[in-house]
Amino acid sequence: MSNWKPVCAASDVAENTLKRVTVDGLDLVVANHGKGVRVFPPFCPHMHEPLDQSGMLSDGLLTCGKHLWQWNLITGEKAGLSEKDILLYDVEEEDGKIFANLEKELVYEWEEEDEMDDDDFFGSD
Amino acid sequence: MPSIPSIAISRSQPTVEDDDVLITIQTKSGIFPVTCKEGDNVLYAGLRVGLTLPYECATGTCGTCRCRVTEGETDLQWENAPGLAYVKQDKNETLMCQARVRSNSTIRVPAEVTDTGSRPGYFSGTLSNLVSLTHDVARFTIDLDRPVSFDAGQFVVLNEPSLEGGRAYSMTNHTGETSKIDFVVKRKPKGKFSDWLFDTSPNGVSLSVFGPLGRATFDPSEGKNILCMAGGSGIAGMMAIMEHGTACGYFADHRADVFFGVRTSTDIFFGDTLNRYVDCFPETVSVTIALSDEEPDDALRARYPSLKFANGFVHSVTSEHMKDRYENVVGYIAGPPPMVDGALRILVLEARLPASDIRYDKFG
């Protein structure tokens, strides 16, 4: 289980807030939606807006303030105007600490090195 | 060269004249050939033929109209456009609103696009009626070479030949089809356009106008109550919304709550017009002026008897006054970026409006 890394203390992220952390050189955002926590890449999959700053969280719904793309963090599904899913790391909470499975960095297709491929540029939805 | 998306649809090629260039615009929903002149702006060329290309500011700041040039040559109208931070120029990505086409080109746009949009166009205009409203706010009119019709809340891009790049300004009037469009502008420190406007009194000067643009519009058929949150000259498009709603009697059975933020009482403009809108529909229309830097006094209340006044930032004042009044509301936001962010938080987190009922054009 060496891919599971401690991300931060659960008490570091108050309900309906987002916190940016760096774990082993990997940038992440931790979000407390009230019924649990989610850990995801730090940028909006639309236009790379930093979600710890542009993100608004209420009733489990995460909204990026740039173009109002939204995701239900409880179910992990996209909502409203959003055209892409948010990528979520597996998380566990134990002894007041949040752990995430960082075996593979999650990247949106927009960011992949071989993005000259059309399907990447156009997205997969 | 990778294959194009399988959902591409074929269309007949338009007639191409000798001095025309052809832009082939590939989108998630199909391929659209667009003919234009060499040097034309890619975004405007597409919008002119009705393509619903993604954009917000249309003037190089927001990055929403990013695209990739896969064939042909374009160059940049404004080489230091802030919106270029959102694109990878080393991978031939650019902003459609800043790309001028220099040869037959193929451009990919990562969005669903149709050819059923409204068709904005180029106008030539003459500036007139420049009047100071406060120490740093002025209004002016542009007389167009032909009438234009636009929705309340829309804007146009003004180009003055001696100033680099275009400037987006919302129309403050709404009178159906008209060849006179009105604007309000706040002087910005080191703002080239506002320096030009305030220092040279350019009445009679010719400008190029492209529009109308923008989707933060008022549509009476939606049947929604109106909430406007404006900072400074962000009130412009909301003046058009209030004019339209008042003129067509919309506020006889729909509410309008307008919150207008300025620093001090000496920064208030359009106060008489707003006062009149309240007087037309006093039961349903409410206008609150939020003064961020001072307490409102009795003289101010006497000056504008139908307006309400409060001390505080416009989003805080809105939050206090609108509690439990967000039913069937569509919210409009315009102003400086920090004010827009604060206002968005109110509409998303407190009002819990769906994203489709929040209207703003992101210029930052």
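Colleague: Which residue forms a salt bridge with Asp59(A)?
Modeller: In this predicted model, a salt bridge is a side-chain nitrogen of Lys or Arg within 4 Å of a carboxyl oxygen of Asp or Glu. Here the closest N and O atoms are 2.5 Å apart. The partner of Asp59(A) is Arg352(B).

Colleague: Where do the two residues lie, and why does the pair join two chains?
Modeller: Asp59(A) sits in the loop between β5 (55–58) and β6 (61–64) of chain A. Helices (H or I, at least four residues) and strands (E, at least two) are DSSP runs, numbered from the N terminus.

Colleague: Is Asp59(A) buried or exposed?
Modeller: Buried means under 20% relative accessible area, exposed over 50%, and partly exposed in between (1.4 Å probe, protein chains only). Arg352(B), at 46%, is partly exposed. Asp59(A) has a relative accessibility of 55%, so this residue counts as exposed.

Colleague: How many salt bridges does a search of the whole structure find over all chains?
Modeller: Some ground rules for the predicted model: local features need pLDDT of at least 70, side-chain atom pairs count only at pLDDT 80 or more, totals for chains, interfaces and linings use all residues, and side-chain values use heavy atoms, with hydrogens and water left out. Residues are numbered from 1 along each chain as its sequence is written, chains are lettered from A and ligands numbered from 1 in the order in which they are written. Over all chains, the number of salt bridges found is 20.

Colleague: Which residues are linked with Asp75(B) in a network of salt bridges?
Modeller: One link is direct: the side chains of Asp75(B) and Arg100(B) meet at 3.1 Å, N to O. That pair connects strand β4 (residues 74–76) with strand β6 (residues 99–101) of chain B, 25 residues apart. Together with Asp75(B), the network holds Glu38(B), Arg100(B) and Arg102(B).

Colleague: How many residues apart in sequence are the parts tied together by Asp136(B) and Lys186(B)?
Modeller: Asp136(B) and Lys186(B) form a salt bridge, with the closest N and O atoms 2.9 Å apart. Asp136(B) is in the loop between β8 (121–132) and β9 (137–148), and Lys186(B) in strand β12 (residues 178–186), so the pair ties together parts of chain B whose separation in residues is 50.

Colleague: Which residues touch the most other members of the largest nonpolar core?
Modeller: A nonpolar core is a set of buried Ala, Val, Leu, Ile, Met, Phe, Trp, Tyr and Cys residues joined through side-chain atoms within 4.5 Å. The largest has 37 residues, and the most connected are Ile226(B), Ile235(B) and Ile289(B).

Colleague: Which element gives the largest share of this core?
Modeller: Several elements of chain B each supply at least two residues, among them β14 (225–231), α3 (236–247) and β16 (285–291). Domain 2 (121–213) and domain 3 (220–359) of chain B both contribute, so the core lies between them; these bounds come from an automatic or database domain assignment. With 6 residues, the largest share is from α3(B).

Colleague: What is the order of the open sheet of 6 strands?
Modeller: Two strands pair if DSSP finds at least two bridges between them. β15(B) and β16(B), for instance, run parallel and are joined by 7 bridges, with Val262(B) opposite Leu291(B). The whole sheet has parallel pairing, and in chain B its order is β17-β16-β15-β14-β18-β19.

Colleague: Which are the edge strands?
Modeller: An edge strand here pairs on one side only. In chain B that describes β17 (308–311) and β19.

Colleague: How many disulfides does a search of the whole structure find?
Modeller: A disulfide is a pair of cysteine sulfur atoms within 2.5 Å. Over all chains, the search finds 0.

Colleague: How far is the sulfur of Cys97(B) from the closest cysteine sulfur?
Modeller: Cys97(B) is buried, at 2% relative accessible area. The closest cysteine sulfur is in Cys65(B), too far for a bond, at a distance of 3.7 Å.
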